[in-house]
Amino acid sequence: MTSAALPPSASVTVRVPAKINLELLVGPPGADGYHPLATVFHAVNLFDEVTVTAAEEWGLSVSGPQSLGVPVDGTNLAAKAAQALAERAGVDEPVHIAIRKDIPVAGGMAGGSADAAATLVACDHLWGLGTTKQELEEIAGGLGSDVAFLLSGGTAMGSGRGEILAPVLARGTYHWVLALSEGGLSTPAVYAECDRLRGSVAVPDPVPTPEMMQALRSGDARALGAALQNDLQAAALSLMPALTDVIDAGLEFGAVGGIVSGSGPTVAFLCEDTESALDLAVALTASGAVQDVRRATGPAHGAHVIGGPRPG
Ligand code: ATP
């Protein structure tokens with residue numbers, strides 16, 4: 001099926017959030033090398049924007065404060081997302097994908113996955129396909145373990161490799177300070193370090209903790225701060241020891257919890273309110289322990305259209 005020809009200037013812009021993992025429990029690797037996960041994803045209002053425009057040929061460009069190191073060829077996850085949707089829908093209408101990056105690259109905040117999710121939504125609108133959420137989630141699952149979550153955003157539980165989503169009852173708005181580090185950490189390298197540190201110790205299958213579920217139900221920042229947990233944190237600290245000082249500094253300056261985000265190196269600090277988040281951001285910046293700080297709140301909406309033609 002091919003949709004009606006589009007005027008050359010037709011474009012759609014989608015905004016997509018970054019994620020942090022409030023809980024990331026990692027099981028032993030299976031025969032395929034993948035680790036089973038039990039995770040609680042939480043989308044925060046730090047956004048990339050993806051604009052797709054009808055074009056003569058496929059193309060991709062990247063701009064914005066976090067564009068360094070992002071591939072501009074077919075290996076970009078956004079390009080793979082557009083191709084996957086085009087193949088599935090039988091569309092033969094090239095697009096130019098323009099990514100404006102504000103999500104740190106290789107920062108453990110799923111920036112590449114976010115761009116893939118945004119591209120799926122943008123191309124679906126541009127091509128007028130009306131793909132169902134379930135179909136988009138299936139395509140997302142084939143692109144990467146975090147892509148499906150970034151279609152929906154909010155706070156949700158992920159199992160399998162993270163692509164099997166289930167809702168969680170979460171109350172409240174949470175105030176975060178994100179401590180960014182210079183340079184990224186490779187996700188496969190962090191998993192390998194996690195396996196190395198565990199050695200031959202038997203690791204149980206990951207199961208979400210009642211403490212996390214209860215904290216989210218209560219909407220209480222202190223309870224959530226105490227329940228934050230990341231099995232990859234030790235590995236991230238082992239590969240980037242300076243992160244230990246960052247975590248210590250944030251907790252000393254008043255955060256109610258601090259955790260390496262995903263595979264790191266971004267550290268997410270939870271604060272009680274906007275004012276304490278502002279104070280913490282200032283104190284961390286002045287300490288010189290971090291490369292940059294960003295404030296964010298969560299939960300945030302998943303990939304959503306902010307400009308361009310809408311179907312119907
Ligand atoms: P995750 O938290 O999902 O493990 P991450 O946030 O640590 O991922 P990404 O920012 O997604 O890491 O980038 C990981 C690598 O993926 C980058 O180093 C880059 O080479 C590649 N990549 C491919 N597409 C993109 C994209 N659209 N944005 C950023 N990186 C991309």
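Biologist: How much area is buried between domain 1 and domain 2?

Modeller: The size of an interface is often given as the accessible area lost when the parts come together. In this predicted model, about 2700 Å² is buried between domain 1 and domain 2. Carbon and sulfur atoms give 62% of that area.

Biologist: Which residues in domain 1 lose the most area to domain 2?

Modeller: They are L22, E23 and V26, which together account for 21% of what the domain 1 side buries.

Biologist: Where do the two domains lie in the chain, and how many residues does each give to the contact?

Modeller: The domain assignment places domain 1 at 11–168 and domain 2 at 174–298. Domain 1 gives 32 residues to the contact and domain 2 gives 38. The C-alpha centres of the two domains are 22 Å apart.

Biologist: How many salt bridges and polar contacts are found across the interface?

Modeller: One salt bridge is found between domain 1 and domain 2. As for polar contacts, 14 residue pairs are counted between the two domains.

Biologist: Which elements give two or more residues to the domain 1 side, and how do the residues of that side divide?

Modeller: The elements are the strands β1 (11–26), β2 (37–54) and β5 (155–160). The residues of the domain 1 side that touches domain 2 comprise 20 nonpolar, nine polar and three charged.

Biologist: How far apart are the closest N and O atoms in the salt bridge of D102 with R294?

Modeller: In the salt bridge that D102 forms with R294, those atoms are 3.1 Å apart.

Definitions and conventions. Residues numbered from 1 in each chain as written. Predicted model: local features only at pLDDT ≥ 70, side-chain atom pairs only at ≥ 80, totals over all residues. Heavy atoms only, no water. Domains from an automatic or database assignment. Contact = heavy atoms within 4.5 Å. Buried area = accessible area lost by both parts, 1.4 Å probe. Salt bridge = Lys/Arg side-chain N within 4 Å of Asp/Glu carboxyl O. Polar contact = N/O pair within 3.5 Å; in protein donor to acceptor, adjacent residues only side chain to side chain. Helix = DSSP H or I, 4+ residues; strand = E, 2+ residues; numbered from the N terminus. Nonpolar A, V, L, I, M, F, W, Y, C, P; charged D, E, K, R; others polar.
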